[in-house]
Amino acid sequence: MEKDGNFRCVDCGLPIKKLYIQYSPGNIRLMKCENCKAVADEYIECEIMIIVIDLILHKPRAYRHTFYNMLSRDTRYSEGLLWKLSLGFLILDAYIMWVLSVTKEEGTLAPSFVSLLQCFGKILVGVVVGNFFFTSLLLFGSAKFLNASSKGLRCKDTLLAILISSYFKIFLVAMMVWEFPASVIFLVDIFVLSSNTVALKVITDSATIRCLGVCFAAFSLKCLASHLLRTLH
C-alpha cells in the first residue's frame with residue numbers, strides 16, 4: 001500500500017509523490033527525496049510529542065510536515081478546519097481583550113449589567129475589526145512582498161498556515177484556571193509572532209526578514225486598532 005499525493009520533502013521543501021510504501025501493517029519503507037537524497041519525512045515514524053517539541057523549537061522541517069504531509073488535502077476538510085481554527089482564534093483574542101480590560105479597571109466599583117454589556121460589545125467590535133485589519137494586511141503583504149500568489153498559494157492556504165502556527169495561544173486557556181500576570185499575554189504574542197514568521201517562510205520560501213516584516217506590520221496594525229477601540233468610552 002502506498003501513500004501518494006502532493007507532499008513535500010521536509011528538508012528541501014520540494015514536492016514528492018510518495019512519503020512511504022507500506023508492505024504490511026507495521027512494515028513500511030520511507031521514501032527518499034530525489035533532490036536532496038535524504039529521507040523525505042522521518043516524522044512519519046515519530047510520536048506526536050516529538051513533532052510538538054520541534055514546532056515549539058521553530059524547526060522548519062516540523063512545519064513542513066504539519067502543513068504539507070500531515071493535514072489532509074481534501075477541500076472540505078481544510079475549509080472545515082479553517083472555520084474551526086478561526087472561531088477558536090477569535091475566542092482567544094476576545095479573552096485577551098477581556099483580561100486587559102479587567103486589569104485596567106481593577107480597583108473600580110463593581111460593574112453594572114449595562115456596563116458589562118458595553119464592555120462585551122466593545123470587545124466583540126475590537127476583536128472583529130482588529131482581526132480584519134490583521135488578515136487584510138497579512139494577505140496583502142504575502143502577495144506583494146512574499147510573492148505568495150506566484151507560488152500558487154491561495155488566501156485560504158496562507159490563513160490556515162497562520163492559524164495553525166498560532167497554536168501557542170492555547171496556553172491562554174491555562175489563565176482561565178490558574179492566575180498569571182497580564183504580562184504573560186505579551187510573551188504569548190511574541191511567541192506567536194515568531195511562529196507565524198516561520199510558517200510564512202515555510203509556505204512562501206521567502207527570506208526570514210521579509211516574513212517577519214509582514215507579520216510584525218499586520219500584528220502591529222491589529223494591536224493598534226484593538227487598543228483604539230478598547231480605549232473608546
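Asp 11 is partly exposed, with a relative accessible area of 34%, where partly exposed covers the range between buried, under 20%, and exposed, over 50%, using a 1.4 Å probe and protein chains only. Before I go on, please keep in mind that this is a predicted model, in which local features need pLDDT of at least 70 and side-chain atom pairs count only at pLDDT 80 or more, while totals for chains, interfaces and linings use all residues. Residues are numbered from 1 along each chain as its sequence is written, and side-chain values use heavy atoms, with hydrogens and water left out.

Asp 11 forms a salt bridge with Arg 61, their closest N and O atoms being 2.9 Å apart; by salt bridge I mean a side-chain nitrogen of Lys or Arg within 4 Å of a carboxyl oxygen of Asp or Glu. Because Asp 11 sits in the loop between β1 (2-8) and β2 (15-24) and Arg 61 in helix α2, this pair ties together parts that are 50 residues apart in sequence; helices here are DSSP runs of H or I with at least four residues, and strands are runs of E with at least two, numbered from the N terminus.

Arg 61 also meets Glu 42 in a salt bridge, at 1.9 Å from N to O. Glu 42 lies in the loop between β3 (27-30) and α1, so that this pair links parts 19 residues apart in sequence.
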